[in-house]
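Open the structure in your viewer and keep the selection tool at hand. The stops below say what to select next and what is there.

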Amino acid sequence: MAETKASEDIANLSFEDALEQLEAIVRTLEGGEARLDDAIGAYERGIALKTHCEAKLGEARARIEKISFQGSEPAGVEPADID
C-alpha cells in the first residue's frame, strides 16, 4: 500500500519537481550519512523518479516531433534533437 501511494505521489509530480527530488536523493546518498535502510528506500524512490523523468521527457519529445505546420498546410514531421 505504501508503494502504491509513493507511485501515485511520483506520478503527480512535474518533471522539474521530480528532478529536484532526484537530485536531493543523489546528494544524500553521495554524502554517505544515511542509515542503510533509509539509503535503500531513497535509492528505490530515486529509481522511480528517474523512470518518471524519462517518461516526461519522452512525452515532451513526442509533442515536439508532432507535425509542424507552414501556414495551414502540414510540412511534415521533424524529429527533435533533444539529446
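Is the crossing of α2 and α3 left-handed or right-handed? Keep that question in mind during the first stops. The model on screen is a predicted one.

**The whole chain**

Begin with the cartoon view. The protein has three helices and two strands. Read from the N terminus, the order of its elements is α-α-α-β-β. Now colour the 83 residues by burial: 14% of them are buried. If you display contacts between residues at least 6 apart in sequence, 50% of these contacts join residues at least 24 apart.

**Helices α2 and α3**

Select residues 15-31, which form helix α2, and residues 36-64, which form helix α3. Two packed helices are described by the angle between their axes and the distance between the axes. Here the angle is about 150° and the axes are 9 Å apart. An angle over 145° counts as roughly antiparallel, so α2 is roughly antiparallel to α3. As for the opening question, the crossing of α2 and α3 is left-handed.

Next, show side chains where the two helices meet. On the α2 side, select Phe15, Ala18, Leu19, Gln21, Leu22, Ile25 and Leu29. On the α3 side, the residues they meet are Ala39, Ala42, Tyr43, Arg45, Gly46, Leu49, Lys50, His52, Cys53, Lys56 and Leu57. Sorted by class, this contact has twelve nonpolar, three polar and three charged residues.

**Ala18**

Stay in helix α2 and select Ala18. Is Ala18 buried or exposed? Ala18 has a relative accessible area of 0%, so it is buried. Leaving out neighbours within four places in sequence, Ala18 is in contact with Leu13, Leu49, His52 and Cys53. For a distance check, pick the C-alpha atoms of Ala18 and Thr51: they are separated by 9.9 Å, while the two residues are 33 apart along the chain.

**His52**

From Ala18, go across to one of its contacts, His52, which has its place in helix α3. His52 has a relative accessibility of 12% and counts as buried, because the cut-off for buried is under 20%. Which residues does His52 touch, not counting those up to four places away in sequence? Select Ile10, Ala11, Leu13, Ser14 and Ala18 to see them.

**Two salt bridges**

How many salt bridges does the structure hold? There are two.

For one of them, select Asp9 and Arg45, where the closest N and O atoms are 2.7 Å apart. Asp9 belongs to helix α1 (residues 2-11) and Arg45 to helix α3, so this pair ties together parts that are 36 residues apart in sequence. Asp9 is partly exposed at 35% relative accessibility. Arg45 is also partly exposed, with a relative accessible area of 22%.

Glu54 has a relative accessible area of 44% and is partly exposed. Lys50, at 41%, is partly exposed too.

**Last view**

Ala18 lies in α2 and His52 in α3, and the two are in contact.

Key
Residues numbered from 1 in each chain as written. Predicted model: local features only at pLDDT ≥ 70, side-chain atom pairs only at ≥ 80, totals over all residues. Heavy atoms only, no water. Axes fitted to C-alpha atoms, helices over the stretch in contact; angles between N-to-C directions. Helix = DSSP H or I, 4+ residues; strand = E, 2+ residues; numbered from the N terminus. Parallel < 35°, antiparallel > 145°, perpendicular 65-115°, else oblique. Left-handed = near helix turned anticlockwise from the far one by under 90°. Contact = heavy atoms within 4.5 Å. Nonpolar A, V, L, I, M, F, W, Y, C, P; charged D, E, K, R; others polar. Salt bridge = Lys/Arg side-chain N within 4 Å of Asp/Glu carboxyl O. Buried < 20%, exposed > 50% of the residue type's maximum accessible area, 1.4 Å probe, protein only.
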